[in-house]
Amino acid sequence: MHALRQPITAVVIVFWFFFWLLNGLDKFFARQDIGLLHWWGNHRVEKFTMYFDRLALDPAFVQATLIFAGIVEFAAAGFFVWAGVRLLQGRPGVAYRTDLAITVSIAVFLGFTIFDVIVGDRAELLEHSTYIGVLLVSFLAVAAESFFHHLRDLDSQSTLNRQFPPKPQ
């Protein structure tokens, strides 16, 4: 299994995929009974109605805003799926795709922090800023694992063991 060769990257991909997937679902199912369970989640409609009141915006757009945020979060989850598929297939470029997914996630959180500052929600600002820090740590963990994985391959007879100039045969 290729994922076992890069366990840190695999954990980062799985964690952030489920984070974005469940966060996106929370925008659609919060405080609803969905059959076998009751999805408690965060009551975002109430929060966003308060935010829109502060901004003197029509509360009719709250649901559309939450749907948009949920779709953006599903897209962020999709970037981690893209990296995860590469990892499971054992194809090169896993670190690059994971870095791209992390970059997209940081951009999403930057958008959220800007919104938090505009509406004056300091608790959400602290939470979203903390997630940016955790994403940066995730980036460093993937980079370190990729670096050491590459060093290990240099000691093997793999195709990555290239020397310059090439030795004559």
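**Figure 1. Confidence along the predicted chain.** In this predicted model, α4 has the highest mean pLDDT among the elements of the chain, at 96, and strand β1 (residues 32-33) has the lowest, at 75. The average pLDDT over the chain is 87, and 88% of the residues score at least 70. Where pLDDT is low, the predicted coordinates should not be read in detail.

Figure 2. The chain holds five helices and two strands, arranged along the sequence as α-β-β-α-α-α-α. It has 169 residues, of which 33% count as buried. Among contacts with a separation of 6 or more, 60% are between residues 24 or more positions apart. The accessible surface of the chain is about 10,500 Å², and carbon and sulfur atoms account for 70% of this surface.

Figure 3. Helix α1 covers residues 7-29, which makes 23 residues. From the first C-alpha to the last, α1 reaches 32 Å, close to the 33 Å expected at 1.5 Å a residue. The buried residues of α1 are T9, A10, V12, I13, W16, F19, W20, N23, G24, D26 and K27. An α-helix has 3.6 residues a turn, so residues three or four places apart point the same way. After α1 comes R31, with a positive phi near 60°.

**Figure 4. Helix α4 and the glycine that follows.** Helix α4 (residues 94-119) has 26 residues, which at 1.5 Å a residue should span 38 Å. Just after α4, G120 has a positive phi of about 75°.

**Figure 5. The largest nonpolar core and the contacts of F80.** The largest nonpolar core has 22 residues. Those that touch the most other members are I13, W16, W20, F80, I102, F109 and L135. Two or more residues of this core come from each of α1, α3 (62-89), α4 and α5 (122-154), and α4 gives the most, with eight residues. F80 is in contact with V12, I13, W16, F17, W20, A101, I102 and S105, leaving aside its neighbours within four places in sequence. A second, separate core has six residues, including F48, V62, L66 and V119.

Figure 6. A pair of aromatic rings is described by the distance of the centres and the angle of the planes. The model contains 18 aromatic pairs. One of them joins F15 and W16, whose ring centres are 4.9 Å apart. The planes of F15 and W16 stand at 85°, and angles over 60 degrees count as edge-to-face, so this pair is edge-to-face. F15 is partly exposed, at 45% relative accessible area, whereas W16 is buried, at 1%. F15 and W16 belong to one aromatic cluster together with F19, W20, F109, F112 and Y131.

**Figure 7. The pair F48 and F52 in helix α2.** F48 and F52 both lie in helix α2 (residues 44-54). They are four residues apart, about one turn of the helix. Their ring centres are 6.5 Å apart and their planes are at 50°, so the pair is tilted. F48 counts as buried because its relative accessibility is 13%, under the 20% limit. F52 is also buried, with a relative accessible area of 6%.

**Figure 8. A56 in the loop between α2 and α3.** A56 is placed in the loop that lies between α2 and α3. The phi of A56 is near 60°, a positive value in a residue other than glycine. Most residues other than glycine have a negative phi, and most peptide bonds are trans. A56 counts as exposed because its relative accessibility is 69%, over the 50% limit.

**Figure 9. L4 and L87.** L4 is found in the segment before α1 and is exposed, with a relative accessible area of 68%. L4 and L87 are 83 residues apart in sequence, and their C-alpha atoms are 9.4 Å apart in space.

Methods. Residues numbered from 1 in each chain as written. Predicted model: local features only at pLDDT ≥ 70, side-chain atom pairs only at ≥ 80, totals over all residues. Heavy atoms only, no water. Phe/Tyr/Trp six-rings, centres within 6.5 Å; stacked < 30°, edge-to-face > 60°. Buried < 20%, exposed > 50% of the residue type's maximum accessible area, 1.4 Å probe, protein only. Expected span 1.5 Å × (residues − 1). pLDDT = per-residue confidence, 0-100. Contact = heavy atoms within 4.5 Å. Areas by Shrake-Rupley, 256 points an atom, 1.4 Å probe, with all protein chains shown as cover. Core = buried A, V, L, I, M, F, W, Y, C linked by side-chain atoms within 4.5 Å.
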